[in-house]
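Student: I would like to learn how to read the features of a protein model. Could you take me through one?

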Amino acid sequence: MGKQTTVAIVGDGNAAHVLIPFLGGTQHTVNLLSLNPHKWDRTVRCEVQNMKHEVLKEFHGDINALSDDYKDVIPDADIVFLCMPVHQYRNALKKLAPFINRSKKEVFIGTIYGQAGFNWMVHEIEKEYKLDNIVAFSIGLIPWICRAEVYGEYGINYGGKKVNIAAVSPPDRFDHLNEIFLKDISETQLGYGKFVQACSFISLTLSVDNQIIHPSRMYGLWGRYGGKWKTYEDVPFFYKDFDDLSADCLKRLDADYSTVRNAICKHFPDRPFKYMLDYLALERLVYQSGSADIKSSFTDSETLGKIKTPVRHLEDGTYQIDKFCRFFTDDIPYGLLITKWIAEQLGEKVPFIDEIINWCQDLRNERFLTADNKIDLKACLAKDHTTGIPPSYGVSSVEDILD
């Protein structure tokens, strides 16, 4: 495979509005799977701006194949790249798998955000569809802060992370993937944002921070305000208004994650796990920041300041935390529950993870834990893709969670 690759982007959210111009300007052919193909221009523009809205750079990229049908965008792809909420990954993989080109020596299948054991998901379709030419990869954190300014036409990139982390299986394909793809979605265009390799997908599964940030912040907002406000203007900014209660919740949740991270390191002593980090260590690495504490890492951020708390407008005119947003649908069944399952397998207690899962399942009328705070396997496996715990992929032992 040469530098000129065909990349199929699966998903049409904010990230697609950056990827198409970045890849289009670096000799890649770009296909797009969109739910609304008729709303997309064939040429997409992306501006790199600072927080004063000054345009620093501008990129343009053309879309080759544009469709809402997988058969139109997947067969000629050298790289298939998912850009969507975590809980949608498995459905998308099962829809695209029949159209993977088996005649290619290898096809890379990856995702822009590395939560929830993406390797387990890819191995699931490899087995089901008997695919033997797949290289799985996952980026730890989304490489930049971005948004779609005009859907299907124009995106804004507010700058990227200084260091990006990726996991690849087989691991010896990282250098090749980096040369033909990873560099071109950050370092080539921004001049920074190099990729480094994690030794295992579990490093991402137990470190990427949305699953730690989102539930703890939502729990803090519920604790301080009851999760409800009279007017939209009263709704706090999600990051800029990060308070002491939310910071304490995040600290306690991250401490439980560290308990599990440390247990993994002890259980697999031959693995380095260099990039399986706690929240502040990861934040300082990827942003090359000097954040003194959890709270200031959000309140002082130049890129996160404008993001509002997701809320729903109720019939009585008030606003309430949106319990149907991805902070719940991604970060509990495909975040905290996975860590809870690993903790149980290794005999570790994670009391604050239990507390948040119990709060969420009561809020959303779901059931993941038993009355004595054990994983309720029957409930978690009741339907396809209800959760992302390893047994949902047929992985019943912690010995089998690493590639």
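The dialogue below goes through sheets, helices and backbone angles in turn.

Tutor: Keep in mind that this is a predicted model.

Student: Which strands form the eight-stranded sheet, and in what order?

Tutor: The order is S5-S2-S1-S6-S7-S8-S11-S12, in an open sheet with mixed pairing. Strand S5 (66-67) and strand S12 (194-197) stand at its edges with a single partner strand each, so one side of each has no neighbour in the sheet.

Student: How many bridges join S2 and S5, and in which sense do they pair?

Tutor: Strand S2 (residues 29-33) and S5 pair in the parallel sense over two bridges. Leu32 has Leu66 in S5 as its bridge partner. Helix H3 (residues 89-96) packs on this sheet and touches strand S1 (6-10), strand S6 (79-82) and strand S7 (107-111). The direction of H3 makes about 150° with that of S6.

Student: Is S1 largely enclosed or left open?

Tutor: Five of the five residues of S1 are buried, so S1 is largely enclosed by the rest of the structure. Thr6, Ala8 and Val10 point one way from the strand, Val7 and Ile9 point the other way, and all are buried. S1 and S2 run parallel and are joined by five bridges; Ala8 has Asn31 in S2 as its bridge partner.

Student: What can be said of the two faces of S8?

Tutor: Both are covered: Ile134, Ala136 and Ser138 lie on one side, Val135, Phe137 and Ile139 on the other, and all are buried. With six of its six residues buried, strand S8 (residues 134-139) is therefore largely enclosed by the rest of the structure. S7 and S8 run parallel, joined by five bridges, and Thr111 has Ser138 in S8 as its bridge partner.

Student: What is the strand order in the four-stranded sheet?

Tutor: That open sheet has the order S4-S3-S10-S9, with mixed pairing. Its edge strands are strand S4 (55-62) and strand S9 (144-150), each pairing on one side only. On average, neighbouring strands of this sheet are turned by 25° against each other, direction ignored. Strand S3 (residues 43-49) and strand S10 (residues 154-160) pair in the parallel sense over four bridges, with Cys46 opposite Gly155 in S10. Helix H1 (residues 16-24) lies across S3, S4, S9 and S10 and runs at about 100° to S3.

Student: Now the helices. How are two packed helices described?

Tutor: By the angle between their axes and the distance between the axes. Here, helix H9 (residues 244-267) and helix H14 (residues 351-363) have axes that come within 7 Å and cross at roughly 120°. H9 and H14 are therefore oblique to each other.

Student: Which residues meet where H9 and H14 touch?

Tutor: Cys249, Arg252, Leu253, Asp256 and Tyr257 in H9 meet Pro351, Phe352, Ile353, Glu355 and Ile356 in H14. By class, the contact has seven nonpolar, no polar and three charged residues.

Student: What span should H14 have, and what covers its buried residues?

Tutor: At 1.5 Å a residue, the 13 residues of H14 should span 18 Å, and its end C-alpha atoms are 18 Å apart, which agrees. Among the buried residues of H14 are Phe352, Ile353, Trp359 and Leu363. Their cover includes helix H8 (210-225), H9, helix H12 (326-329) and helix H13 (332-345). H14 is followed by Asn365, which has a positive phi near 55°.

Student: Is Pro272 buried or exposed?

Tutor: Pro272 is exposed, with a relative accessible area of 60%. Pro272 is found in the loop between H9 and helix H10 (279-287).

Terms used: Residues numbered from 1 in each chain as written. Predicted model: local features only at pLDDT ≥ 70, side-chain atom pairs only at ≥ 80, totals over all residues. Heavy atoms only, no water. Pairing = 2+ DSSP bridges. Axes fitted to C-alpha atoms, helices over the stretch in contact; angles between N-to-C directions. Contact = heavy atoms within 4.5 Å. Parallel < 35°, antiparallel > 145°, perpendicular 65-115°, else oblique. Nonpolar A, V, L, I, M, F, W, Y, C, P; charged D, E, K, R; others polar. Expected span 1.5 Å × (residues − 1). Buried < 20%, exposed > 50% of the residue type's maximum accessible area, 1.4 Å probe, protein only.
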